[in-house]
Amino acid sequence: EFAEYFVPAYEYAKNRGMFYQTLLMVNFDEEVEIYCQAHIPTPRLTTDGYVSSCDWASMGSKYLPNKVQQDLVYGEYVNESDEIQYDMNKIKKIRKRNVNYLSRTHCSGCRALKYCVGGCVGKMAAATNDLYKASKEWCQATLYLYDNLPKETSRFPFIHP
């Protein structure tokens, strides 16, 4: 239902010179290998001394509701040695969530894969308890938007973090 209402709202905004977007379409302006910088992963130090690259894991692993979201926390600042210790196994697991892997597993045959890449990893981890699966609702909405929004010929006016 969201996607069905989003399409006319997107067109309305576009006709008035505004850009209107949703996380469901952040990569619709070009083919990508990963959904966002969280898959690189680009480190961020959380307020409690952990390292994550995902906004959904911005408070450290002890505050996250499930194991999969805890996997998005892949390092910890150690005050005594003034250094960050990284968990390379978690980094490998995060980096594995890309077009190549998903095209052979959970997203095999998906026509929007190179624009969606399984969606927002934090949201999907929370919804499915799996780093690699997308929720049914996310897929349905993304595919609707993919099929019903005009294909962009230029870059979106923002860079998704």
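Which residue forms a salt bridge with Arg-111? In this predicted model, the partner is Asp-147, and the closest N and O atoms of the two residues are 2.6 Å apart.

The structure holds 3 salt bridges. Side chains of opposite charge can pair when their charged atoms come close.

Another of these pairs joins Arg-44 to Asp-55, with the closest N and O atoms 2.0 Å apart. Because Arg-44 lies in strand 1 (residues 44-45) and Asp-55 in the loop between strand 2 (50-52) and helix 2 (67-70), the pair ties together parts that are 11 residues apart in sequence. Arg-44 counts as partly exposed, its relative accessibility being 29%.

Lys-93 forms a salt bridge with Asp-71, and here the closest N and O atoms are 2.9 Å apart. This pair links distant parts of the chain, since Lys-93 sits in helix 3 (residues 88-95) and Asp-71 in the loop between helix 2 and strand 3 (73-78), 22 residues apart. Lys-93 counts as partly exposed at 34% relative accessibility, whereas Asp-71 is buried, its relative accessible area of 5% falling under the 20% limit.

## Helix 1 and its two sides

Helix 1 runs over residues 2-15 and has 14 residues, and the distance from its first C-alpha to its last is 20 Å, close to the 20 Å expected at 1.5 Å a residue. Its buried residues are Ala-3, Phe-6, Val-7, Tyr-10 and Ala-13. Why do they lie on the same side of helix 1? Around the axis they cover an arc of only 140°, which puts them on the same side. An α-helix has 3.6 residues a turn, so residues three or four places apart point the same way.

On the other side of helix 1, the exposed residues are Tyr-5, Tyr-12 and Asn-15. After helix 1 comes Gly-17, and the phi of Gly-17 is positive, near 80°.

Methods: Residues are numbered from 1 along each chain as its sequence is written. This is a predicted model: local features need pLDDT of at least 70, side-chain atom pairs count only at pLDDT 80 or more; totals for chains, interfaces and linings use all residues. Side-chain values use heavy atoms; hydrogens and water are left out. Helices (H or I, at least four residues) and strands (E, at least two) are DSSP runs, numbered from the N terminus. The expected span of a helix is 1.5 Å times one less than its number of residues. Buried means under 20% relative accessible area, exposed over 50%, partly exposed in between (1.4 Å probe, protein chains only). The arc is that of the directions from the helix axis to the C-beta atoms. A salt bridge is a side-chain nitrogen of Lys or Arg within 4 Å of a carboxyl oxygen of Asp or Glu.
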